[in-house]
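User: Please take a close look at one chain of this structure and describe it step by step.

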Amino acid sequence: MKKVAVIFGSRSAEHDVSVVTAINAVISPMKLASGYQPIPVYIDKQGHWYSDKSLGNIEFFTTGDVKQKLSKMKRINISLNDGLKLIKPAMARDQAIDMVFPATHGTFGEDGSLMGLLRMADVPFVGCDMQAAAVAMDKGLTKIVTEAYGLQGPEYVLFSDRDYGEDPKAVHERLAKLKFPLFVKPTHLGSSIAITRVENIKQLENAIELALHYDNGLIVEEAVPNLIEVTVPVMGNDEPVTALVEEALKKDADFFDFQTKYMQGGKKGKGKSGGKNTYSRLPADISKDLYKKSEEMALAAYKAIGASGIARVDLLIDSKKNTVYLNEINPLPGSLYAHNWKKAGVSGVDLVTKLLEYAQDYYNKQKKLETVFDTNYLAQF
Amino acid sequence: VKSFLSAYKPNFVTTIVYMLQQTEYRTRYYLKWLWRTHDFARVQTRGRLDMTTAAKALVFGAWALTFFVVAIGAYLVYYGLNSGDNTFLAFVGLFAIFSLPFVVAHLLLIPTWLGKFFIITPMRGRQDVIAHGIFTSHKWKKIAVAGSFGKTTMKQILATVLGEGKKVAFTEANLNTSVAHYRFAKSLTGKEEVLIVEYGEYVPGDISGFNTTFRPDIGIITGLNEAHLENFGTLEASADNILSLAEFVGEAGTYINGDSEKLVMRSPNEATTYNNKEVDGWKISSIRVNTQKTSFTMKKANKTIKASSSLVGKHNVGPLAMAAALASNLGLDKKQIESGLAKTEPYEHRMKPEMRKGHVLVIDDTYNGNIDGVRVGVEFLSDINAKRKIYVTPGLVEQGKRSQAVHQELGQLVGKVADMVVLMKNSATEDIKVGLKKSKFKGKLMEIDDPLHFYTNLDQITVSGDVVLMQNDWTDAYH
């Protein structure tokens, strides 16, 4: 029985989304999968680490005073020597970990930082490795890397807070090449936080001001006309496969902000509304040609950033031009996009099991790479 | 060690009283559970102790006994260690404390025996007399339903169909004991035209006793199998008990399920049989079964009935046709009968389909408890189309000495149609696996340690288009 640490929470705007992903999409099915024992490892919003069986139940986070409950719980430390170990306080026995299932979203986790830690611990982990996660979580880097692979996205301008602070005029000159309407996006934040759609210069300036409160890098890109927004979950290592192409249905707003995504039912119709509001169509109602192009674009983008395990690729389609553009890549989709995989024929238990198998395969392959070798470099000193 | 120490935890007392309640204070079942249980901390997983007056008295008595024994034991230890040559007494005291949980668990049976002898049995006798008086006070058409399986469904079908033209009263849900009959009798107003009473089988001779109280005009016997072997020892004893209904009402008033081979070979020759081909001169044709409904046509002389029901599975055709034939005999017209049949619908936990989110059809047949029900389920699975056919079971309870053979047969039956089999791990699991192997089952097998977690997370194993058949259930008493 392999002990799998499911790490979730963390210092992220998407902390709460991560709790749901970890418990509903990872821990619950893993309890039914043979050969794996999930160990909940929770990082609170202040960055403190906890591990306790009770953290694997959603009721822990949805009932009572969570902070008070946590205050009664002993924090843990982690050891990276000879694999990953959870160092528990006082009399409790330390817990050796065989594998890790990262279930964090956004900063201090999904952005590659957790993967870096796990690489240091030399433990197999599910999902994208550090480099792919870091690229995917930076919209600017994603553009640069995928463009190098010839993948088309909307026209854009990338700049930092320093660029804007030192010479805003120069930035606006670059922005003048773009055609309104535009989207202003922080490069590192997910869940549509601080993303604004603008129609004119005044709105653009305000949106930049707003976005710079959240991030030090911004991307401004042209809106795709005749838009059909689709998303494609992808899974695998060397030979990845897609689930179904899922179409986001338009609401009154022209794009999904955090409220729409997670509080009102979101793209997949979950959230507090109890799934009554369905904001996606599965599979997407698009031509066979566009469907195929979407799958191909998703797989190409997945490979371009070196993703492994699982990711979700968001695409924008100009339905008149019949063109598919890459929007962004999410290295750990919320709730693993299990609803889509389920419709595609992969159950929750099978999804988690496959991801753990991919993690082990990836780890085994990485272990074969030479990382150290003997030299006489030090002899010269 | 952890399991052993669980007997010394404070909740041990509520655990044993809970199990007395779960086994309905039946000594044999309680002792069987007690003697095979190792970890008492994992008993109350499906439910909690219902604090009835009897339960409160038992909990109080158990704690009183515990304190008494601990006090005496402690005194003996103290006295033994401090009074010269009485070390032996110290050991006796230690032994008394050490063996306390096991002594209390057994001594608790004494008040239940006394309660049964001095309170329950005399009270039941009085209730039977009262019920008999009520049942014979009016000229009702009285129908009794007995059998090893399918009684509640049969009763509900009859009540629904006959209810279209008659004022019908019937015993609720699966309540089928003498107490339930007494309460039913007390609820009658005298305005009813038809009474339908379900007979349970618990001990040899109980059906004969029910006949004496209820005095039915019509007897319907739904089947015979090994479902109650633990109570009756042999199938013959079970058959004798059930067929005492046929003896009471006479062959002319008896309807026998013709699909139950074990029943037919022991039944009176002149009894009317019903199955999915014929009943009482009605010929059945054009049977259609899908995941939503069952339909068929009945013809007799110049009469035709087109039946459609939300009950799923070919096995329902016989009971539905039997109810229609009886309704016709009791004077209901074609329109009333067809309307009544159309109103029949699945009952809780009996082949009840539920379309869940993500286009997954779950058939809840967890009240099934016998191999004939498994055959019915397997037949249903083979009759329908699905992306994957998933069969979920813990196995069958109360199979007595035939448990091994029955579970191997279950495995063989299921292995031929299921794409995936999910077994709740228990003493029957290995036998089911042997059966699956014999059937050359090539699908996926899952073994579940925590049934509660499984049932509440069923959606984690399914994909769109799956059909899941959940049969049988093991309460805490069987683990």
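Analyst: The answer below treats a nonpolar surface patch and then an open sheet of chain B. This is a predicted model, in which local features need pLDDT of at least 70 and side-chain atom pairs count only at pLDDT 80 or more, while totals for chains, interfaces and linings use all residues. Residues are numbered from 1 along each chain as its sequence is written, chains are lettered from A and ligands numbered from 1 in the order in which they are written, and side-chain values use heavy atoms, leaving out hydrogens and water.

Val103(B), Leu107(B), Ile110(B), Trp113(B), Leu114(B), Phe117(B), Phe118(B) and Ile119(B) make a nonpolar surface patch of about 800 Å² (residues with over 30% relative accessible area, 1.4 Å probe, and no salt bridge, a Lys or Arg nitrogen within 4 Å of an Asp or Glu carboxyl oxygen; nonpolar side chains are joined within 5 Å, like charges within 9 Å). Helices H6 (100–107) and H7 (109–135) of chain B each supply at least two of its residues (DSSP runs of at least four residues; strands need at least two). The largest share, 6 residues, comes from H7(B). Trp113(B) lies in that helix and counts as partly exposed because its relative accessibility is 43% (buried is under 20%, exposed over 50%).

Elsewhere in chain B, 6 strands form an open sheet of mixed pairing, in the order E11-E12-E16-E13-E14-E15 (pairing needs at least two DSSP bridges). Strands E11 (352–356) and E15 (444–448) stand at its edges with a single partner strand each, so one side of each has no neighbour in the sheet. E14(B), residues 420–424, pairs with E15(B) in the parallel sense over 5 bridges, and Met420(B) stands opposite Lys444(B) of E15(B).

Technical notes: Buried means under 20% relative accessible area, exposed over 50%, partly exposed in between (1.4 Å probe, protein chains only).
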